[in-house]
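This report looks at side-chain contacts: salt bridges, aromatic rings and a surface patch.

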Amino acid sequence: MEILLFFTFLMLFAVLVLMIKLIMDQNSGFSEIRRELRALRKESRPVSHPGAATVPSHAISEPVPVPKSSETAEVADDAVDVGDAVIEEVHPVHDTSQPGPARSIEPPLAASTRLRALKADREATEAGPPVEPAVPRTPSRFETAARETLHKIWTWIIVGEEYIPQGVSMEYAVASQWLLRVGILILVVGVGYFLKYSIDHGMINEIGRVALSTIAGLGMLTAGTRLLGRRYHTFGQGLMGGGLAILYFAVFAASNRYHLIEPLQAFALMGLITVLAGGIAVRFDSILVAVLGIIGGYGTPLMLSQGPPNFPGLYGYMLVLGCGVLGLCYWKNWPLVNYLSFFATYSLFFASMTAYDKTHFHEVMPFVISFFVLFSTMAFLFKIVNQAKSNLLDLLALFINAAVFYGVSFNLVDEMYGRQWVAVVTLSLAAFYSIHVFVCLSRKLVDRELIVSFIGLAAFFLAVTMPLVLSRDWVTVSWSLQALVMLWIAQKLGSEFLRHVCYLLYGIVLFRFGLLDLPRQFLTAPSTADLSIGEYLQQLAERLVMFGIPIASIGGAYRLLSKPSADEDRVIGRANDISGWIRDAWAVRLAVGLAMGMLFIYLHLEFNRTLGFFYQPMQLPALTLLWLAMCGVLLYESTINKHPGVLVLLMLFVSGLLFKLFAFDLPGWEANVHMLYGGPYSFRDASLRLLDFGAVVGFFAGGYALLAGRKDARSVGVFLGFTSLSLLFIYLTLEVNSFLYHNVPGSQSGGVSILWSVFALSLILRGIWRNLRVLRYIGLTLFLVVAGKVFFNDLARLDQLYRIIALLVLGILLLAGSFIYLKYRESFAQKVSSEDVA
């Protein structure tokens, strides 16, 4: 069984390889045609050079002896051969040796120029058509935008501006910015440690600490405001950023550390500070204020931490800060601010989760969801509001945020409720991104990369849901149905990307179908010998659904792909979609091939098991009929689509069928080297063998009749015809020999000789009737073999009576052969000179 499964998978792989080879051959043919067309166009163009000129007759003559100066010596070196003549440079003199008007000889420099042109023309002709230089790849808008964004972020980090101002030295830009940033940061950290020191030593009461922090923060804000718009504008921005960070200190300490104010009041105050920070950053176009505010705001919980974290207070505080950054995204395209907020939020989150246990689930999970929605929106908010296109960094942020949320929520939900409830998360994520696709399409947003990312994320999380909900036996079924539904949606939307996602999902279905589900159900499954008929029928029904639905799904995909959507019916325009990597015609052919291959493999394994359970003797003939059905489909396809690849597949299946007959069926009927079947002779077994071999012989004969007359398939037809005759000869020999051995002992040698004689006479008749010389020669050779067998084998083994009968019958048959030749002598003489036709 393992060998058969390997062989069937090998054939399926061969199908895929052949299809790919046909596609490559077709593309190679088109490329060759294009190259020939380009060569024809180049040959049709006249080759000319600006400096080339027709050589006058007087220029090709015997050289005129002139003295060489340095200039003429250099020019003379450029002499070139033209045919058998030599063209040389000479001085401008008049030729007075011939009568008539004087002829002017060209100056050396002009002749040199003309000669170089002739030389270049000659070299170009010998070198053939010019080779077009390779055009360097131009980065796409998607890549360029990401590179520019990274450059702006790096420039701001170094010099505090997205672009280095003109007339400003690098030393001044770097020193002024970094001294300011480090100074403000140290000042803020100093205030934080002052508060911590005063707490540890009881120097100032709680209200005094908060009041001093508030006064310091407001003072820095006021001082920074007064410096704006003047010479120390940048210094003022730094003071304002530090002041905002200290105000975050004060509110956080008053609420979470000292409990001087209620949480609702603290949220209101932090909201005001966030609004203030965002307003200052936007109003004065100062990313420095935003960055310093973020560093101070997110650094506050670290510097004031003491004991186990208060999850609602900490996460609520971070959520307010994140909402402030989201507000900045509506007005400003500051990716650095977004990335800092994302990094700081999840750094604090993972640091605090060291104190988490299941009792905190309902405190933590709502904030995890909020962080995910916050940063997902942050990745594209500015682009949607301002009708700008996303870049690579935006999509990376989108995918990283989704991955972090899925990983965190998976662990939290799995630990609290079990893995099946994680499906609620994945379904919610699929719905979340599907809503994004709907919103983008309704707003007629033109951003291919963003919409394709939303579609891909929705499809991914929908696919991940199935293994979480269902057992492993039903995952393939669910994915195949999902792929079919998604393909239907892709056809309605006209989305190439979603269609290719379906192709990928179908690839996963094929992998699970062939390498996981089939081996688990048929190769490693427990024995069915102890099952009752009812139990077996229940398992059979489950297998029919488990394997039938994926096959039917691929069949449905074939129907959908056969009806491509028109451009005017596309909901997703081409500007928001990808170009098709796999052509619809290829996908249709692949769907047909996969559906037929999967159906064949499953039915082969199912017939083998089910018939082995219910009626063992029918097992081999039923499998032969299944192979013949597959060969019949390919034979029919070869008559409709006269493609050589179909004939190759047909020959592969024919070879597999022959391998099955000789490697499995004959050993199954216990055939031995003496041309006998083992065990007692049974007419039931004989009928089944007739079905087994007779169906193959009849199919091969029909294939010969259909293909032998076609020029492109004549060799295949002839092979099928001779294989049909060979199988018929082997089957009749085995059957007659076994029948006579068990029912008429001592007569099998003579019976076989009579059978071979009848077979030889039939070949001669067919060869004369169709003028097939090969058949006549085979018949005559078989008569010769029979004669030798009778005289050297049968006479010694047969009883007296059977010997007489065999000799009489054999003589009559040989005479009949001679009579046939004599009867058709005239017609045979006319046909003998003609060519054999099928």
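A salt bridge is counted where a side-chain nitrogen of Lys or Arg lies within 4 Å of a carboxyl oxygen of Asp or Glu. The model is predicted. By that criterion, D665 and K660 form a salt bridge, with N to O at 2.7 Å. D665 is buried, since its relative accessible area is 0%, and K660 is likewise buried, at 6%.

The structure holds 9 salt bridges. The table gives three of them, including the pair just described.

| Salt bridge | N to O distance |
|---|---|
| D665 and K660 | 2.7 Å |
| D517 and R520 | 2.7 Å |
| D517 and R512 | 3.8 Å |

D517 and R520 both belong to helix α18 (residues 496–523), where they are 3 residues apart, about one turn of the helix. Both D517 and R520 are buried, and D517 and R512 are both buried as well. A network of salt bridges links D473, R512, D517 and R520.

Turning to the aromatic side chains, the whole structure contains 42 aromatic pairs. One of them joins F600 and W627 in an edge-to-face arrangement, with 4.9 Å centre to centre and 90 degrees between the planes. This pair links distant parts of the chain: F600 is in helix α20 (residues 584–614) and W627 in helix α21 (residues 619–640), 27 residues apart. F600 counts as buried because its relative accessibility is 4%; W627 is buried too, with a relative accessible area of 1%.

F659 and F664 also pair: their ring centres are 6.0 Å apart and their planes are at 75 degrees, so the pair is edge-to-face. F659 is partly exposed, with a relative accessible area of 39%, and F664 is partly exposed at 32%.

One aromatic cluster is formed by F372, F380, F405, Y406, F410, F432, Y433, F454, F460 and F461.

Which rings does R689 lie over? R689 lies over the face of W669, 5.5 Å from the ring centre. The charged end of R689 also sits over the ring of Y677, at 3.9 Å from its centre.

I533 is found in helix α19 (residues 533–561). I533 counts as exposed because its relative accessibility is 52%, and exposed means over 50%.

Conventions. Residues numbered from 1 in each chain as written. Predicted model: local features only at pLDDT ≥ 70, side-chain atom pairs only at ≥ 80, totals over all residues. Heavy atoms only, no water. Phe/Tyr/Trp six-rings, centres within 6.5 Å; stacked < 30°, edge-to-face > 60°. Helix = DSSP H or I, 4+ residues; strand = E, 2+ residues; numbered from the N terminus. Buried < 20%, exposed > 50% of the residue type's maximum accessible area, 1.4 Å probe, protein only. Lys NZ or Arg CZ within 6 Å of the ring centre and 35° of its normal.
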